[in-house]
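Keep the 3D view open while you read.

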Amino acid sequence: STWGLLSVSTFNFQWRPRQTQRRFSQLLTLYTGNRNYSSWSLRPWFLLKACGIPFNDVRVALGPGSDLVDERKKFSPTGKVPALHHGDVVVWDSLAICMYCAELAPDAWPRDRAARAFAMSVSAEMHSGFSAVRTLLSMNVGVRVTLKGDAPWPEPVVAELARLTSLFEEGLSRFGGPYLCGKDVCIADAFFAPVASRVATYGVALSPVADAYLAHLRAHPAMQEWTADALAETTRLDAYEAHLLENFVLVEDRRAAPGL
């Protein structure tokens, strides 16, 4: 389909200057999970904020139980978050949501074709890969931890961190920064926003160039807002907390006290 801004079949982008706040005839509604844990929710949420796309933000409590899944299926076909509603259109999965948003705001992808190709490739790579980092270094925004004892990082984690470092350095070198594909935030940055949070949680250092990029992401107003909301949350999910304490030593917990 064509929205007058982007022909999806041909990628025939028609560009306009980035706006601080856009207006659409129908407001978007984004269903998101807990701020501390939901890395997949962070990605489209960050993109919408960074691109100035107004939306209703509906927070959904995450947790086990078929009753909760059934409740979530009222707004998401998979029973998972994130999910986006725009009029009678429903989009689920973080990458699909970001691609849909690029039809509304085509500068969500870089204008330069080479930069756009790189952004699409690394976004897809993050979406389908880096399973070791996602599993062991699960997102938990409000804490700071270290590995137990003198144990080294598992080899699959080391390999994926090396790939992340290489990927960040390539994008910044080729397209000039300060964001991954140039001077503006794009979908690729949204997909690596959770990585910026994770390296802070787990005290991971990549390289000076990569670390500076991730620090720049953490300083973005949207990331600052997400982090502040995460620190204010009182919900704890037992599975996430148990995984953390099984493998790491808690150094600091910056979150508000758990709710009763």
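## Cores, a bent helix and a buried serine

In this predicted model, the largest nonpolar core holds 71 residues, and those touching the most other members are Phe46, Phe168, Leu180, Cys181, Phe192 and Leu214. Helix α7 is the top contributor to this core, giving 10 residues. There is also a second, separate core of 8 residues, with Tyr31, Tyr37, Leu62 and Val81 among them. In soluble globular proteins, nonpolar side chains tend to be buried together.

Let us look at α7 itself. Which values describe this helix? The table sets them out.

| Feature of α7 | Value |
|---|---|
| Residue range | 187–202 |
| Number of residues | 16 residues |
| First to last C-alpha | 24 Å |
| Bend at alanine 193 | about 35 degrees |

Proline 194 follows the bend within four residues. After α7 comes glycine 203, with a positive phi near 65 degrees. Because 15 of its 16 residues are buried, α7 is largely enclosed by the rest of the structure.

Finally, is serine 94 buried or exposed? Its relative accessibility is 2%, so serine 94 counts as buried. Serine 94 lies in helix α3, residues 94–104. Apart from neighbours within four places in sequence, serine 94 contacts Trp40, Arg43, Pro44, Pro82, His127 and Phe191.

How values were computed: Residues numbered from 1 in each chain as written. Predicted model: local features only at pLDDT ≥ 70, side-chain atom pairs only at ≥ 80, totals over all residues. Heavy atoms only, no water. Helix = DSSP H or I, 4+ residues; strand = E, 2+ residues; numbered from the N terminus. Buried < 20%, exposed > 50% of the residue type's maximum accessible area, 1.4 Å probe, protein only. Contact = heavy atoms within 4.5 Å. Expected span 1.5 Å × (residues − 1). Bend = angle between axes of the 7 residues up to and from the residue. Core = buried A, V, L, I, M, F, W, Y, C linked by side-chain atoms within 4.5 Å.
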